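Biologist: Please take me through one part of this model up close. I would like to see how the inside of the protein is put together, and what sits around it.

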Amino acid sequence: MNIRKLSILEWVAVVRGLASHIGPIIRIAGTQVVALIRAFLEIAGSVEEMFPVELDAEGKPIKRSTEKRDAFVQLVIASFATAEDKVADVADAIGRIADTLVPMLNAFGIFKAARA
C-alpha cells in the first residue's frame, strides 16, 4: 500500500519523535535511516489493510491497536532480522519505535479511525 507523502512538518515530527531511537535504527539497518523509516511507514500501511473494521454486538468498532502493533513488529522483524541471536534486541527496539510512531500516524490521519 502506498501512503500519501508526508509534509516537511510531518517528516520533522517523525524524525524528532524517533530521535531517541536513531542509535537502534542505525544498528538495525546501517546508515540508510530515511529509507528504513519510509519502510516502517509502508509496513504500517500494510498492517492497516490487514485489519478491516469489525463491529461488536452493539455495532461499535472493535479496537485492535495491540494487534496492529504486534503485527507491525512481526512484519518488521521478518523483514530485517536475519540472525536468531539478534531477534530479541531487534524486537525490543522495533517495539519502542512502534510505540512512538503509531500515535503520530494516527494524528497525521495515515491510520484511519475506525468507522461504523
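**A close look inside**

Modeller: Start with one pair. The side chains of Arg64 and Glu54 are joined by a polar contact of 3.1 Å. Keep in mind that this is a predicted model. Where is Arg64? It lies in the loop between H3 and H4. Is Arg64 buried or exposed? Its relative accessible area is 15%. Buried means under 20%, so Arg64 counts as buried. Setting aside neighbours within four places in sequence, Arg64 is in contact with Phe51, Pro52 and Glu54.

Now step back to the whole chain. The protein chain has five helices and zero strands. From the N terminus on, the order is α-α-α-α-α. Of its 116 residues, 34% are buried. The accessible surface comes to about 7,100 Å². Carbon and sulfur atoms hold 57% of that surface. Next, take contacts between residues at least 6 apart in sequence. Of these, 69% join residues at least 24 apart.

Go inside next. In soluble globular proteins, nonpolar side chains tend to be buried together. Here, the largest nonpolar core has 27 residues. Which of them touch the most other members? They are Val14, Phe40, Phe72, Ile94, Leu101 and Leu105. Four helices each supply at least two residues of this core: H1 (8-18), H3 (33-50), H4 (65-80) and H5 (84-108). H5 gives the most, with eight residues.

Pick Val14 from that core and follow its contacts. Residues up to four places away in sequence are not counted here. Val14 touches Leu6, Ile37, Leu101, Met104 and Phe108. Leu101 is also on the list of core residues that touch the most other members.

Finish with helix H1. Which residues of H1 are buried? They are Glu10, Val14 and Leu18. Look down the axis of H1: the buried residues fall within an arc of 60°, so they line one face of the helix. What does the face turned away from that buried side carry? It carries the exposed residues Ile8, Leu9 and Arg16. So H1 has a buried face, and the face turned away from it carries exposed residues. Val14 belongs to the buried set of H1 and to the largest nonpolar core.

Key:
Residues numbered from 1 in each chain as written. Predicted model: local features only at pLDDT ≥ 70, side-chain atom pairs only at ≥ 80, totals over all residues. Heavy atoms only, no water. Buried < 20%, exposed > 50% of the residue type's maximum accessible area, 1.4 Å probe, protein only. Contact = heavy atoms within 4.5 Å. Areas by Shrake-Rupley, 256 points an atom, 1.4 Å probe, with all protein chains shown as cover. Core = buried A, V, L, I, M, F, W, Y, C linked by side-chain atoms within 4.5 Å. Arc of directions from axis to C-beta. Polar contact = N/O pair within 3.5 Å; in protein donor to acceptor, adjacent residues only side chain to side chain.
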